[in-house]
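Thanks for coming. Please look at the model on the screen.

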Amino acid sequence: MELHVADHPLVAHKLARLRAIDTPSPLFRELVDELVTLLAYEATRRVRVEPCDIVTPVAPTTGLRIASPKPLVVPILRAGLGMLAGMMRLMPTAEVGFVGMVRDEQTLQPFTYAERLPKDLSGRQCFVLDPMLATGGSLGGCFKFLTSRGASDVTGVCLLAAPEGIEAVRHQVDEAGIDCTLVVAGVDERLNEHGYIVPGLGDAGDRLYGIVD
């Protein structure tokens with residue numbers, strides 16, 4: 001697994017504002033959108049392209065376009081939805097699938113409760129959106145799920161990651177022989193006893209959309 005940690009002053013600035021407890025949900029959503037657009041630039045660095053003929057106002061030439069089959073963007077519900085607009089802004093021709101995963105707060109293990117994906121992902125590049133890489137169960141499970149349907153390479157895009165989560169995902173994908181990349185805005189200190197990232201930013205889903213009991 002290849003890890004990229006964004007090193008850019010705008011990413012650091014927006015991440016600092018995102019962490020603050022007094023950042024309200026509307027601003028939080030705006031910051032997530034802006035951060036993901038910045039991360040998407042790095043995440044799509046190796047997106048597949050093919051040559052195409054174009055005509056400029058001056059003369060014919062050859063350019064590049066995103067190759068077929070189209071990339072697939074997969075937000076992990078529900079918090080991943082807050083990252084979708086930022087990703088699609090940079091790559092509007094991509095297709096979108098969804099995976100719903102929740103974490104059992106006792107065992108800290110994820111389970112899938114919904115999915116809307118093509119049955120055959122052969123040759124597809126997939127970009128998985130999940131704000132917080134904590135224990136690594138959800139992201140690693142989604143990586144394996146996508147490759148089980150034929151995805152050829154997978155990139156995860158996260159706002160924050162814990163070292164424990166990175167190693168957990170690395171172990172899962174290496175064991176399964178999955179070619180994947182992880183792009184994050186920052187790597188934090190650790191997980192606490194409840195499986196939350198420290199210092200982190202709290203529960204990303206709750207901060208995006210409010211608390212749902």
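Glu167 and Arg170 form a salt bridge, with the closest N and O atoms 3.4 Å apart; the term means a side-chain nitrogen of Lys or Arg within 4 Å of a carboxyl oxygen of Asp or Glu. The two residues are three apart in helix α5, so about one helical turn separates them. Helices here are DSSP runs of H or I with at least four residues, strands are runs of E with at least two, and both are numbered from the N terminus. Glu167 is partly exposed at 45% relative accessible area, and Arg170 is partly exposed at 23%. Buried means under 20%, exposed over 50%, partly exposed in between, with a 1.4 Å probe and protein chains only.

This is a predicted model, in which local features need pLDDT of at least 70 and side-chain atom pairs count only at pLDDT 80 or more, while totals for chains, interfaces and linings use all residues. Residues are numbered from 1 along each chain as its sequence is written, and side-chain values use heavy atoms, leaving out hydrogens and water.

The whole structure has eleven salt bridges. Another one joins Asp188 and Arg19, at 2.7 Å between the closest N and O atoms. Asp188 is in the loop between β11 and β12, and Arg19 is in helix α1, so the pair ties together parts 169 residues apart in sequence. Asp188 is buried, at 9%, whereas Arg19 is partly exposed, at 25%.

Asp33 and Arg89 also pair, at 2.9 Å from N to O. They link helix α2 to helix α3, 56 residues apart. Asp33 is buried, at 17%.
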